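This briefing describes one protein structure, topic by topic. Keep the sequence and the 3D view open while reading.

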Amino acid sequence: MRLRAPSRAIGAMACATRRSGERFIHWPIVGGGSAPATRKTRTTGRAAEFGKAFNNMGIEVSIDIPAPPQEVWDYAADLARNVEWMADANSITFTSAQTEGVGTTFDCVTKVGPLRTTDQIEVVEWDPPRTLGITHQGAVRGAGRFTIVPIDDGTRFTWTEELALPWYFGAKVGQQPAAMVLERVWRRNLRTLRARILEQQQGQSGHEPGPLLGMGRDSEIRSYGPHIIRVSLRGGDLSHEAAAMRHVRGLGYPAPLVIEQPDNHSVVMERLSGPTMLEDLAAKPWLASRHVKGLARLHRLLGDVPAPHDWVKVSGGSSVVHLDLQPDNVKLTPDGPIVIDWSNAAAGDAAFDAASTYVRLRTASPDNHAAARAVINAFRTRFARAFLKEFGADAILSHLRAAADLRLLDRNLHPNEREAVFALARGELD
């Protein structure tokens with residue numbers, strides 16, 4: 001069956017590069033460029049000096065944190081604690097008598113992959129609780145800046161760097177891969193920063209989350225006594241997810257038991273034992289046929305669960321749709337499969353939900369090297385086609401274009417996945 005490509009309007013929306021809650025900008029600065037303008041500084045001219053001699057690289061990442069600016073500043077500007085949330089910072093040793101304010105200097109041992117260097121840093125701007133600027137004088141030279149801006153739900157924290165790479169990065173040729181690596185590390189750093197600030201908030205409110213069990217793009221999971229707690233990393237409201245789990249479980253569908261919701265940004269659930277269906281598939285690929293049948297059965301069962309009247313509708317029909325019901329979101333517990341991650345639950349048609357799963361199965365981009373990707377893609381394609389047949393090809397294909405359009409609205413979609421979704425919708429994906 002050959003389908004028309006998604007509409008231009010949907011495509012335009014899908015190609016947005018700005019991420020909800022997180023933003024990333026990379027720009028080459030050819031022939032120089034000074035550090036960001038500052039209010040309180042005495043050495044920002046150094047950034048301009050190194051810019052005249054090198055082709056510089058600019059990177060900017062930002063994140064929204066559900067905390068007031070002063071609280072974010074108090075933690076981020078505590079320079080000795082930067083190692084708690086910066087994965088690339090191994091240690092910090094102050095080389096000045098002071099540890100805060102303009103003129104503070106310190107050596108930061110930095111490690112990214114196999115590369116290790118000592119970054120000599122001086123604070124050149126200190127304007128609480130708004131901006132903190134530094135210069136780098138080690139192997140990587142340049143200027144950096146933290147900017148803290150109040151927003152409706154808390155604070156937007158932006159980290160900007162203008163860097164001159166050492167010769168072994170290949171000068172201009174090495175800028176793009178270096179920017180991709182640093183962007184990935186620094187985005188993870190900002191997620192950790194947000195998580196640490198949220199931990200402090202929970203400690204102040206009497207909650208005591210335990211060790212980190214897992215972290216995703218939007219939330220993290222921690223132990224919570226005999227249970228687990230899911231905490232939003234973007235200040236998002238988890239009330240809908242909690243309500244969805246209570247709703248479907250109350251009607252007999254296998255979903256986690258919600259214990260309590262301490263606040264809108266967290267939810268406490270029962271702790272589930274056992275692997276996910278995806279983990280079981282990786283360990284026992286010969287069970288693929290069984291898991292295909294189990295996944296299709298979970299979709300059909302969910303199609304019998306009516307959705308509340310006030311839920312967002314994503315298609316015709318009035319049943320609950322999960323919109324991410326794929327092997328990684330099915331826990332295989334001793335009591336049977338349990339479907340997790342209900343953040344996208346909506347109202348619609350079971351076949352539309354199955355089509356959404358099929359789109360994800362066919363187009364997901366595994367984060368592995370080329371040889372591993374080839375093997376994973378081949379196996380995933382066979383699994384997806386078996387799922388298509390098991391659930392009903394006609395039903396899924398009738399919703400394929402609409403499911404692809406919805407998938408393209410995800411601004412965090414990897415470019416390779418985006419191209420694959422377009423190809424699938426056009427009937428051109430092998």
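**Salt bridges and overview**

A search of the whole structure finds 14 salt bridges, where a salt bridge is a side-chain nitrogen of Lys or Arg within 4 Å of a carboxyl oxygen of Asp or Glu. This is a predicted model, in which local features need pLDDT of at least 70 and side-chain atom pairs count only at pLDDT 80 or more, while totals for chains, interfaces and linings use all residues. Residues are numbered from 1 along each chain as its sequence is written, and side-chain values use heavy atoms, with hydrogens and water left out. The structure also holds 10 aromatic pairs.

**Selected salt bridges**

- Side chains of opposite charge can pair when their charged atoms come close.
- E241 and R230 meet through their side chains in a salt bridge, at 2.7 Å from N to O.
- E241 lies in helix α5 (residues 239-250) and R230 in strand β11 (residues 227-232), so this pair ties together parts that are 11 residues apart in sequence. Helices (H or I, at least four residues) and strands (E, at least two) are DSSP runs, numbered from the N terminus.
- Both E241 and R230 are buried; buried means under 20% relative accessible area, exposed means over 50%, and partly exposed is in between (1.4 Å probe, protein chains only).
- R230 and E241 also belong to a network of salt bridges that includes D341.
- Another salt bridge joins the side chains of K284 and D280, at 3.7 Å from N to O.
- K284 is partly exposed, with 35% relative accessibility, whereas D280 is buried, with a relative accessible area of 10%.
- The side chains of R360 and D324 form a salt bridge at 3.3 Å from N to O.
- R360 sits in helix α8 (residues 350-363) and D324 in the loop between β14 (319-321) and β15 (330-333), so the pair ties together parts that are 36 residues apart in sequence.
- R360 and D324 are both buried.

**Aromatic pairs**

- Rings of Phe, Tyr and Trp (its six-membered ring) pair if their centres lie within 6.5 Å; planes under 30 degrees apart count as stacked, over 60 as edge-to-face and the rest as tilted.
- The ring centres of F146 and W159 are 5.5 Å apart and the planes stand at 90 degrees, so the pair is edge-to-face.
- F146 belongs to strand β7 (residues 141-151) and W159 to strand β8 (residues 154-164), so the pair ties together parts that are 13 residues apart in sequence.
- F146 and W159 are both buried.
- Ring pairs link F146 and W159 with W85, F157 and W186 into a cluster.

**Nonpolar cores**

- A nonpolar core is a set of buried Ala, Val, Leu, Ile, Met, Phe, Trp, Tyr and Cys residues joined through side-chain atoms within 4.5 Å.
- The largest nonpolar core has 55 residues, and Y253, W342 and F387 touch the most other members.
- Helix α8 gives the most to this core, with 7 residues.
- Not counting residues up to four places away in sequence, Y253 touches V248, L298, L301, L302, V305, L325, V339 and W342; contact means heavy atoms within 4.5 Å.
- Another core, of 34 residues, lies apart from the largest one and has I59, W126, L182 and L193 among its members.

- R196 is in helix α4 (residues 175-204) and counts as buried at 15% relative accessibility.
- Residues up to four places away in sequence aside, R196 touches Y75, E84, W85, E220 and R222.
- H136 lies in strand β6 (residues 131-137) and counts as buried at 7% relative accessibility.
- The side chain of H136 makes polar contacts with the side chains of D119 (2.7 Å) and E161 (2.8 Å).
- A polar contact is a pair of N or O atoms within 3.5 Å; within protein, one must be able to donate a hydrogen and the other to accept it, and residues adjacent in sequence count only if both atoms are side-chain atoms.

- In strand β10 (residues 219-224), 5 of the 6 residues are buried, so the strand is largely enclosed by the rest of the structure.
- Strand β9 (residues 212-215) runs antiparallel to β10 and is joined to β10 by 3 bridges; two strands pair if DSSP finds at least two bridges between them.
- G214 stands opposite I221 in β10, and a hairpin joins β9 to β10 through 3 residues.
- β10 and β11 pair in the antiparallel sense over 6 bridges, and the bridge partner of S223 in β11 is I228.
- The hairpin of β10 and β11 has 2 residues between the strands, and G225 in the turn has a positive phi of about 65 degrees.
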